[in-house]
Amino acid sequence: MKGIICKEPNVFKQIEVEMPVPREGEALLRIRRVGICGTDLHAFSGNQPYFTYPRILGHELSGVIETIGANPFGYKEGDQVSIIPYLECGTCVACRTGKTNCCTDMKVLGSMRMAV
Ligand SMILES: [Zn+2]
Ligand SMILES: [Zn+2]
């Protein structure tokens, strides 16, 4: 599939990306919309200190579920979804007490972790 990567600050490049295979607990989405926010603009211009390059930008996403396994939420292929890009660890003190937004090992899709 086609992707656009920020190769280095101020340089986008179209690339071919291997189709991701969802692992257990994950779904494969066909992305329909991507928002662009200040984080992306800073990353593109090279002013986001914790970013490394190359990187596929974008963490405000919505789309349609292409593939999903059994899940306790009732999601199924064809469902329209938006994505919360924050991936909490589930094991730190904050996560165990339900404060996942304070996770000590938080990863953000499109920022700290590739969305593909
Ligand atoms: Zn954002
Ligand atoms: Zn955590």
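In what order do the three strands of the open sheet run, and is the pairing parallel or antiparallel? The order is 3-4-5, and the pairing is antiparallel. Strands here are DSSP runs of E, at least two residues, and helices are runs of H or I, at least four, numbered from the N terminus; two strands pair if DSSP finds at least two bridges between them.

Before you click on, this is a predicted model, where local features need pLDDT of at least 70 and side-chain atom pairs count only at pLDDT 80 or more, while totals for chains, interfaces and linings use all residues. Residues are numbered from 1 along each chain as its sequence is written, ligands are numbered from 1 in the order in which they are written, and side-chain values use heavy atoms, leaving out hydrogens and water.

Stay with the sheet: strand 3 and strand 5 are its edges, each pairing on one side only. Strand 4 and strand 5 share three bridges; select Ser 62 and you'll find its bridge partner, Ser 82, in strand 5.

Next, pick Ile 83, in the loop between strand 5 (80-82) and strand 6 (86-87). Beyond its neighbours within four places in sequence, Ile 83 is in contact (heavy atoms within 4.5 Å) with Leu 29, Ile 31, Leu 61 and Leu 109.

Last stop: the zinc ion (ligand 1). Cys 37 (SG), His 59 (NE2) and Glu 60 (OE) coordinate the zinc ion at 2.1 to 2.2 Å; donors are N, O and S atoms within 2.8 Å of the metal (3.2 Å for Na, K and Ca), and water is not among the atoms, so sites may look incomplete. Cys 37 sits in the loop between strand 3 (27-35) and helix 1 (38-45) and Glu 60 in strand 4 (residues 60-68), so this pair ties together parts 23 residues apart in sequence.
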